[in-house]
Amino acid sequence: MSRQRTLRVWRGDGSSGQFEEYTCDVDEGMVVLDLIHQVQKHHAPDLACRWNCKAGKCGSCSMEINGKPKLSCMTRLSDYEEGAVIQVQPLKTFPIIKDLATDVSWNFRQNERITPFTPPQLPEDGDYRMQQVDVDRVQEFRKCIECFLCQDTCHILRDHEKKEGFVGPRFMIRVAQLEMHPLDTVDRIPATRDEYGSGMCNITRCCTEVCPEHINITDNGIIPMKERVVDRFYDPVTIVLRRVFGWGKRA
Amino acid sequence: MPTDISEIDTITHDVIVLGAGGAGLRAAIECSRQGLDCGVVCKSLLGKAHTVMAEGGAAAALGNADKRDNWKFHFRDTMRGAKFLNQWRMAELHAKEAPDRIRELEAWGAVFDRTKEGLINQRNFGGHRYPRLAHVGDRTGLELIRTLQDKGVHSGLSVHMECTALGLLTDGGRVSGLVCYWRETGRFVIFRAKAIIFATGGFGKAWRITSNSWEYTGDGQRMAYDVGAELMDMEFTQFHPTGMVWPPSVAGILVTEGVRGEGGVLRNSEGKRFMFEYIPERFAPETADSEEEAQRWLDGDDSSRRPPELLTRDVVARAIYNEVKEGRGSKHGGAYLNISHRGEAYIKKKLPSMYHQFKELAEVDITKEPMEVGPTFHYAMGGIRVDHDSQMTNVPGLFACGECAAGLHGANRLGGNSLSDLLVFGRRAGLGAKEFIDANPDLPALDEAQANKILDWAKAPLMRESGENPYVLHDELRDAMTAHVGIWRDEEGLAAGIEVIEQMRARVANVKAHGSSQYNPSWSEALDLDSLLLCAEAVARGAKMRQESRGAHSRVDFQGEREEWGKYNIVIKKGDDGQMSIERVDRGEDPPHLAKIARATLEQLEAGDV
């Protein structure tokens, strides 16, 4: 690796801005976030950038690196050609606060719309029981670190700006995780169609591709939720049974 | 020129919780359950706090994985791990209440790994007699924080995100408010409340090699100290034995103790399993003395004793340090930790984030080759001194819980006890605040002069024409602390460390933050320095006073525990002259009903004789 690297960083706020280039010394094994810290220390002390753990666990340092949504703390400089300039810019889907920091508060509001986990009465001996095989899928979704890279790349939110109609992949798997939880007693299928906008997703799998936790968002989360909606509202057999017997509220 | 306080936004709640990690969220949820209007102030986004980095699990004597376990064993393990310097009552409450707090999390949506019977599974960890840590692979902290976050969102909390606290206000000695600024705009805001709960975490960012995140700058300790709160046990700083050592940019990142809990083995450059050489007398009767016995234990033989890799963190960290010092270190100056014998599928299931961490950051495949690990600053056992039951400090209306509080962990914390600490004492702080507010229902007055003093201090780095670079100063402090107040300490080094801190204090008074107040990391870096220096000084002075080696505090010049020192905790506060005052506080007599449990043999406890 060369001993220096040039970083091209987007500087500005919500109204205007431009890319600026900074060249810094680098050390073996460095990640993009290290380079940003070098820039702050030596060139641009007020360069705004969110980060916390620098270990891929908190999901704070999300940005677009050479056009790809990534965690800057888990992206090694050696992934890029020696001597090539690395370009970083803020997540496009959310309003810019300053430099690399964006206003992601919309995401927190989506979580508030989702009916929380509601277990049944605790058994008399005081312990709920669930088998590992029944919670494996739920645990996969709970690996989510809320980096919002999937939200950033989702073209419904990114290009079509349909934030009013679709909660985005992160919250689709939040709903899926609740719906697939063996103990949960709430029915969120109508809301999944009507409020969370499951029909908006047309399965391009971009969200799955960018997930740093390797969660199979599309195949394991969104598609099964879409199927549940279809079974409930569009399956002729279910519709007839429900009309006749009032059956099938919960598929 | 004084600021016109009436021009600053004021937000009033019954209670303010500062910090949104596990302790803060659990405290806030409890306040809300008690009918209080609760505001949570946190300096990052919700769900990003340090708790998210906890990996191995939460210790609670549920008795699911081994039916013999109960609160008495957990209590005994905690006291012994802490080298009997923790607070008896807190260790008792913690051991008794942790199981209910874990079950409660499950009712709020947490999904722990399961036993064959479908119960919450528990794993082995250093210093715990039985498998006791409720866990989710190696991302238990994420599970905790997300569960509390989702519960909190629907508990009527007002969450004020990316809001940094600057200083506490008091009214006649009682805490009355908190001066903060919004990171996004740089505008100041004053929170007024009848009670304030600190859940602000630790201060590892004063050291070079640390597993701690950006947030761990000791803000809570500094703000509490400034209004007269006492700090205790500050000399006890835990160096986790296994941090990454290579490449340099990731040095210090945590490698969970779960690796050893799942059967990981430590070897030196000669291939020797060196931990057998470092078994302390106190733990010898309970630790395997051969590789064969350790293997039988791993295979599930109840009659075999635990492998020495599962000794407490202080012991393992010193052993690795010593192996490196004596020239038997790994290629990059650590020890080799190998888990590959457990097989690829098992490792990916039980330690998935360790697998990815090494694969992506160090290009090491832990299913095939050993990791290189070495000690990293991980946890502050010391912190703000609190009442054992209510978590209130000596400043009326100010509470502290979680890592920023002292008392539960004494000289050394057992792995897994911090997550249960957050839950048990987070809840208790909420209850304590409720009780205090019931007795003191009036909103205390806002002292504008006090607020102005804090604002002037905060604005100074921005207003100055020129001055020192805060990033460079922070770097220098980290190097000095790692060099002088590290895993092994001595009189000379500590004195040198204190001198560096004193010199640095003058330079920090002249620090310059370039740019405007809006989302300016150099401004927050500049303001953090005072907190870091306060904590650094308290650790160094405490360490210099304690002339013995106990738990995480190791003195080259005073090796071994001294009976005399077992009678005291060191308490630090701001003296009347504004200087740091430090004194030994007598622990008093051991409570007999608890001492007989803590000092019982395992055989006596297992036979139910105690």
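A salt bridge here is a side-chain nitrogen of Lys or Arg within 4 Å of a carboxyl oxygen of Asp or Glu. You will meet this term in several of the views below.

The model is predicted, so local features need pLDDT of at least 70 and side-chain atom pairs count only at pLDDT 80 or more, while totals for chains, interfaces and linings use all residues. Residues are numbered from 1 along each chain as its sequence is written, chains are lettered from A and ligands numbered from 1 in the order in which they are written, and side-chain values use heavy atoms, with hydrogens and water left out.

**View 1. Chain B meets chain A.** Let us start where the two chains come together. The count between chain B and chain A is nine salt bridges. In one salt bridge, Lys41(A) pairs with Asp475(B), and the closest N and O atoms are 2.3 Å apart. Contact (heavy atoms within 4.5 Å) involves 65 residues from chain B and 59 residues from chain A. The size of an interface is often given as the accessible area lost when the parts come together. Buried area is that loss for two parts, found with a 1.4 Å probe and summed over both. For chain B and chain A this comes to about 5,100 Å², with 53% of it on carbon and sulfur atoms. On the chain B side, Lys48(B), Val111(B) and Tyr519(B) supply 12% of the area buried against chain A, more than any other three residues.

**View 2. Two domains of chain A.** Chain A is divided into domain 1 (3-102) and domain 2 (105-245), with bounds that come from an automatic or database domain assignment. Their centres, taken over C-alpha atoms, are separated by 32 Å. Domain 1 of chain A brings 14 residues to the contact and domain 2 of chain A brings 17 residues. Between them, about 1,100 Å² is buried, and carbon and sulfur atoms give 56% of that. Look in domain 1 of chain A for Pro69(A), Thr93(A) and Phe94(A), which lose the most area to domain 2 of chain A, together 48% of what that side buries. Two salt bridges are found across this interface. Elsewhere in your tour of chain A, find Glu64(A) and Arg158(A), whose side chains meet in a salt bridge (2.8 Å, N to O).

**View 3. Domains 2 and 3 of chain B.** In chain B, the assignment gives domain 1 (9-238 + 378-447), domain 2 (247-377) and domain 3 (449-568). Six residues of domain 2 of chain B are in contact with six residues of domain 3 of chain B. These two domains bury about 520 Å² between them, 61% of it on carbon and sulfur atoms. One salt bridge is found across their interface.

**View 4. Phe239(B) and Phe245(A).** Which of these residues is buried and which is exposed? Phe239(B) is buried, with a relative accessible area of 9%, and Phe245(A) is exposed, at 64%. Buried means under 20% relative accessible area, exposed over 50%, and partly exposed in between (1.4 Å probe, protein chains only). Beyond its neighbours within four places in sequence, Phe239(B) is in contact with residues including Trp207(B), Pro375(B) and Ile487(B). The C-alpha atoms of Phe239(B) and Arg318(B) are separated by 8.8 Å, although these residues are 79 residues apart along the chain.
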